[in-house]
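Hi,

Here is the structure I said I'd pass along.

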Amino acid sequence: MSSSTRDHGGEQPAPEFVQMNNLVCESVGGKVLFATDDWFAAAENLLKKGDPEFKTGLFTEYGKWMDGWETRRKRIPGHDWCIIELGVPGVIHGFHVDTHFFTGNYAPRISVQGACLQENISLPTRGDRIGSAATEEDFKAVERLHSEKWEYLLEMTELTPGYAESCHSYFHVNSKERWTHIRLNIYPDGGIARFKVYGIGQRDWSSCGPNDLEDLLSMANGSVCLGYSDAHYGHPRNLIGLGRAADMGDGWETARRLDRPPILKANKNGILQVPGNEWTVFRLGHPGLITHIEIDTNHFKGNSPNSCKIEACILTAKEEEEENIKNKWAVTLENRWKTLLPVMQVLLIF
Ligand SMILES: NC(=O)NC(NC(N)=O)C(=O)[O-]
């Protein structure tokens, strides 16, 4: 049995686990496989990467257009639920439930169950679901999963209405197991804007040979961002996402530093002489011999960095915790960091 605790709703800072990877985001392959009802707005919206929007005065033929999953007011016994397949299976550290803009129609309670399924499951294709509910055939197909018996990662808990100051609820999950699927229950019905499942990917390395070339920094292979200096326009965890970035919002983008001199000077190698630098630290998904590094500045045309440097080190879990929690990576471990790539100019080709 896993345990979970509510962190808080409201305007306080979000818990640490939101620095991890969202394992159900549509951009990493998260998928809704089944939902009891999608009348006002389809469950796929839960997994969108962007923040929820509200469009005043926009109505569909089913009611007010909403950016989230919203079921109809139930007039039959039971409650609504959906099944979500993780894009990246892994260990779950917490949930972020955002009821943004669902005020008189938010789901008042939720619970979350999880499963680690070995085989690929095939359910009827969902297609465009707005204005519909699961058919008898859908229910028959999903019954085979026995999802009502999956382990509870979060017991039934109250949510808070979707006003800016109350819409965010965070729940810690205390489980070391690997999960592939989630059942999200809402009681009895209503709307949720976004559902994020934060954690660390876990893959099976047994089929991987010692000379295979693998992306040790891919979130699908278990890497995670441990710290950074600035994430003003984009979080550095985007660097370890799957595939190429869709747009500039899918990259790491800092604010322009204010400590740069008013007139910039470069050295003979074209490296601008500025007082500081931005940085981010990742734990690799697996220790390994690094033979190739790819830096992709896709979409950053007027704002890619002038130069970069890559360092690496080997840390035990205890050392990592000390650096991360106590020192926030401010103090480097003497002689532990080795330069993999010295400061070099980032060339722009477009
Ligand atoms: N104004 C509403 O949002 N009404 C209903 N919801 C939508 N989306 O129309 C409802 O009450 O559940």
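Below is what turned up when I went through the domains and the interface between them.

One thing to keep in mind: this is a predicted model.

The protein chain splits into two parts, with domain 1 covering 3-201 and domain 2 covering 209-350. Their C-alpha centres sit 32 Å apart.

On to the interface. Domain 1 puts 13 residues in contact with 15 residues of domain 2. About 1,000 Å² is buried between domain 1 and domain 2, and carbon and sulfur atoms account for 50% of that area.

For the polar side of things, eight residue pairs are in polar contact across the interface of domain 1 and domain 2, counting pairs with both residues at pLDDT 80 or more. As for what domain 1 brings to the side that touches domain 2, the elements giving two or more residues are β2 (21-22) and β13 (194-201). Of these, β13 gives the most, with three residues. Sorted by class, that side of domain 1 has seven nonpolar, four polar and two charged residues.

How many salt bridges are there between domain 1 and domain 2? The count is one.

Cheers

Notes: Residues numbered from 1 in each chain as written. Predicted model: local features only at pLDDT ≥ 70, side-chain atom pairs only at ≥ 80, totals over all residues. Heavy atoms only, no water. Domains from an automatic or database assignment. Contact = heavy atoms within 4.5 Å. Buried area = accessible area lost by both parts, 1.4 Å probe. Salt bridge = Lys/Arg side-chain N within 4 Å of Asp/Glu carboxyl O. Polar contact = N/O pair within 3.5 Å; in protein donor to acceptor, adjacent residues only side chain to side chain. Helix = DSSP H or I, 4+ residues; strand = E, 2+ residues; numbered from the N terminus. Nonpolar A, V, L, I, M, F, W, Y, C, P; charged D, E, K, R; others polar.
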